[in-house]
Amino acid sequence: MSHRFLPRSAGSAVLCAAIAAASAQAVAQAPQTQPASRSLIDEVVVTAQRRESSLQDTAIAVSAFDQSALDRENINTVSDMQLSVPNLSFTKENFTGSNVRIRGIGNNAVAASSDSGTAINFNGAYLQTTTIFESELFDVERVEVLRGPQGTLYGRNTTGGVINIIPAKADPTQFDAAIDLEAGNFDTRKASGMVNIPMGEQAAVRISGRWLERDGYVENTFLGEDIDDRDLWSTRVAFNYAPTDRTEINFFWQRFREDSTRMRTSNQLCAKDPNPFPFSLGCLPGVALDDPDALGVLNSAGQLGGILAASFLPQGVDAFANSTRSNDLRQVQTPLTPVYEMDEDIFNLEIVHEFDNYTLTVGATYQEIELNTVTDYAWAVPSETFLPGIAPVPLPGFGFTDDQGRLQTPSDPTVSGFDRPFAYDTSAFENEALTIEARIASSWDDKPFDFLAGFFYLQSDNTTIYDVRGNTLAAFTPVGEVEVDGREAPLAYFRNDTADYELETWAIFGEFYVDLGDRTRLTLGLRYSDESKDVRDRQTLLNNPALEFVEGVSNRAFLDNTFEEAFAPGGAAGLAVVDERFYGFGTTGNNPVPDFREFGDSWSELTGKVALDHYLDLSFTDETMIFGSLSRSYKSGGINPPSFSGAFEETFQPEYINAIEIGAKNRLLDGRLQANITYFWYDYDGLQNTKIIDRTSVNENIDAKIQGLEFEFTYVPVDNLRIDAFVSWLDTEITGGTSIDPANPTDGNPNFVTVKNGGADVFIVPTEVLAGGSFDASQCGQNRLECANIFTENPAANPLGAQTPTTLVPIGIANDLKGNQLPGATEWSVKLGAQYSFMFDNGMELIPRIDYYWQDSFYYRVYNSEQDKIPSWSVWNASLTLHGNHGTDGTWYAQAFIKNIGDKDHITGAYFTDASSGNFTNIFLLEPQTYGLQIGARF
């Protein structure tokens with residue numbers, strides 16, 4: 001048995017690499033060549049924690065892939081990577097982002113000011129908002145996945161972990177070039193290339209890129225076209241310059257562009273609620289996503305657009321009465337071709353200078369992103385057509401049907417001329433961000449300790465717009481648009497408008513290392529974070545510019561202790577309602593154009609960790625290193641999006657996590673087996689979670705505990721045979737918190753019935769009120785607050801259910817979440833991969849490989865109802881690769897591959913909407929079966 005000593009000083013090259021990677025506590029896997037024989041596991045070089053060691057000597061749970069490893073397992077995206085990393089999951093989200101979870105922790109909040117618990121880094125630099133997951137991984141030095149809270153060594157604080165994408169640097173020592181071509185099903189065409197050009201002995205430039213074009217994965221049976229295609233390209237320019245033997249400068253410019261019909265959501269599920277207005281939710285609660293009944297289309301009587309559509313349809317008719325949804329999730333119906341346009345530029349500069357006993361690293365990253373998406377709102381076409389000659393609002397500029405039943409909407413031409421209800425939504429944002437980071441690390445040869453200290457600064461500006469446009473919405477608004485405070489305010493449709501979100505954060509951090517002998521190291525880390533967030537936003541829907549906006553009466557009418565005054569006799573919402581502002585559409589019923597809300601908040605926190613790693617002398621292993629850590633991490637709070645009612649807290653609170661992690665990394669069987677195990681336990685306080693009420697995201701805080709085990713194995717039982725596997729277990733439990741389930745407002749209580757008003761706002765009514773005949777839905781008009789008359793005048797309508805803070809009208813009964821599982825937390829997942837290298841006398845090598853992945857079912861919402869469960873799924877992938885001669889004249893390869901062999905439509909995540917939308921569920925799917933042929937050459 002042998003153990004590895006812990007050197008206090010590494011060579012200059014290793015030290016530069018370590019600090020340049022932001023001391024990222026991750027593995028830097030050296031580029032691999034094809035060895036003549038593989039009797040042992042390839043050595044993985046560690047350049048983390050300011051010392052050179054192997055992956056097995058790194059006291060942290062981490063996975064790493066260089067470009068050859070990505071190619072070997074056909075990992076092109078982060079979505080692919082989830083099949084190869086324990087407790088990593090990835091899914092697209094409903095708007096413009098993705099959710100990457102590590103050990104069940106990602107981002108369950110929805111707000112412009114929300115942050116992910118999993119940080120995304122580019123060359124060690126934190127990216128505040130990025131579309132890097134939309135592009136494909138190409139020409140990388142390595143991709144690192146660090147599991148567990150991070151923050152005392154670099155970047156921004158995280159509670160889940162870090163994914164660090166490190167691009168290949170320019171190399172002044174030699175000329176290199178590569179080209180890769182791919183063709184496959186869905187008419188896939190892909191090309192990648194790289195050229196590395198030395199510029200003397202001190203500088204080099206490297207240019208690389210990838211282009212992808214493929215047909216759509218989804219058939220639009222209404223227009224007879226394929227959608228969800230991709231047309232994108234990425235380029236990167238890397239520059240390296242070493243003016244002295246102590247200084248190195250690296251610069252990257254990466255550009256990404258996409259213009260495609262990619263779908264923001266994969267499809268929509270709903271079990272139709274057959275009840276008439278005002279008792280229909282649109283979709284029934286509690287129906288499993290894999291139940292055939294979930295392949296229905298909502299009842300338009302439960303949706304705002306459908307309620308308004310009733311003016312143009314025969315009385316009581318559901319616009320989707322005879323609409324059907326295919327049982328093939330890759331088929332939809334829409335008169336709209338989706339739009340997906342994205343631009344991103346990342347500029348990264350890093351300067352490393354070595355002093356005699358210190359290394360200074362200074363880096364700056366600037367990022368610009370623009371994203372615009374347009375997608376159908378229902379993914380189904382109504383079966384019922386409008387009646388001709390209808391004008392429910394007989395005023396110029398409002399909507400009407402012509403003699404053929406086509407709804408003409410002068411206020412919004414984009415939805416005009418359809419003979420049945422039609423709606424679509426857009427989600428778009430622009431973001432600029434600047435990150436600056438500086439670190440200094442000691443390298444004392446004559447002392448048993450060292451340190452690293454750093455400073456981090458981030459400034460980000462974001463504009464986000466989410467619109468829902470529909471012809472029945474536009475029919476009830478006049479022609480025209482107005483400007484308020486210099487920004488357009490649409491009248492004809494819903495808009496959640498974040499005109500400006502500014503984030504400014506800074507932190508100081510560091511770690512102190514002490515060698516307690518030649519087998520043990522103690523690490524102490526500390527971080528202080530300070531963050532401020534400011535928003536300028538508003539929400540608009542069916543606005544009337546003729547009405548005057550009055551603070552405290554309009555839109556946010558019942559904030560600031562104005563509720564009692566509003567409900568005073570003769571007051572705005574009292575028994576004698578006299579103010580016309582309360583007769584419009586929307587939650588408060590008043591529709592002047594609102595001013596922007598300007599609001600800000602700030603947070604600061606001190607966090608840290610203590611860790612210990614030690615080498616054991618065991619007779620049955622070649623080498624065993626055990627490690628343990630205790631850490632506290634945090635994620636700042638945020639600002640809830642604006643709401644019509646103003647009935648919810650303006651901010652949501654920070655998250656705090658206390659984490660314990662212990663593990664062991666082992667080499668056995670004369671280096672043929674690596675067996676690693678990690679156990680972690682998290683105490684989570686204030687985990688952020690979202691739902692939609694009153695057409696806005698309401699983010700709440702809950703408490704939870706998380707624990708898990710991760711087993712990772714790499715085994716070479718005989719020469720040339722490699723087996724890699726993992727088994728991960730994740731146990732999550734909510735320990736405190738209550739929340740009203742928008743899908744089931746009564747929480748199954750038979751004493752209440754769910755009712756919607758004309759604005760599709762939900763409230764619950766005691767069944768005895770209905771049974772007594774004293775409830776009249778017309779009393780509610782299109783304003784939940786008008787229903788307060790019922791509850792104040794009728795003792796039987798005592799609001800036993802939960803209420804918004806500012807109304808007497810109960811919107812639902814709170815669900816006790818204690819004991820439920822966290823969203824996106826798969827309890828079990830398993831990966832098994834195997835490959836064998838057939839070596840030929842002429843230097844060629846043939847490698848067949850097969851990979852299997854399975855994950856358990858999980859819930860996508862905290863309520864853990866049957867409709868919240870994502871079924872378990874598994875994937876088989878396979879490839880056959882032929883490598884040419886690895887001589888000095890270059891090499892080539894050819895690979896045939898197939899992914900998702902079973903061609904299953906696996907659900908990776910889901911998003912539940914709200915009462916105004918009709919309670920449908922949008923789902924997101926893994927890619928279908930893809931196969932193809934790749935060829936490439938290295939020069």
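In which strand is the place of Val 362? The answer is β20, and the close-ups below visit this strand and other parts of a predicted model.

**View 1. A nonpolar patch on the surface, with Val 362 as one of its members.** Two elements, β19 (339-354) and β20 (358-376), each give two or more residues to the patch. Val 362 has a relative accessible area of 36%. This value lies between the 20% limit for buried and the 50% limit for exposed, so Val 362 counts as partly exposed.

**View 2. Pro 410 in a loop.** Look for this residue between β22 (407-408) and β23 (423-442). Pro 410 is partly exposed, with a relative accessibility of 38%. Beyond its neighbours within four places in sequence, Pro 410 is in contact with Gly 397, Phe 398, Gly 399 and Val 479. For Phe 398, which is 12 residues away along the chain, the C-alpha atom is separated from that of Pro 410 by 6.8 Å.

**View 3. An open sheet of 3 strands.** Follow the order β17-β51-β50, and you will meet antiparallel pairing. At the edges are β17 (267-269) and β50 (907-912), each of which pairs on one side only. On average, neighbouring strands of the sheet are turned by 35 degrees against each other, direction ignored.

**View 4. The pairing of β50 with β51.** Here β50 runs antiparallel to β51 (residues 921-925), and the two strands pair over 5 bridges.

Notes: Residues numbered from 1 in each chain as written. Predicted model: local features only at pLDDT ≥ 70, side-chain atom pairs only at ≥ 80, totals over all residues. Heavy atoms only, no water. Pairing = 2+ DSSP bridges. Helix = DSSP H or I, 4+ residues; strand = E, 2+ residues; numbered from the N terminus. Axes fitted to C-alpha atoms, helices over the stretch in contact; angles between N-to-C directions. Patch = residues over 30% accessible without salt bridge, like charges linked within 9 Å, V, L, I, M, F, W, Y side chains within 5 Å. Areas by Shrake-Rupley, 256 points an atom, 1.4 Å probe, with all protein chains shown as cover. Salt bridge = Lys/Arg side-chain N within 4 Å of Asp/Glu carboxyl O. Buried < 20%, exposed > 50% of the residue type's maximum accessible area, 1.4 Å probe, protein only. Contact = heavy atoms within 4.5 Å.
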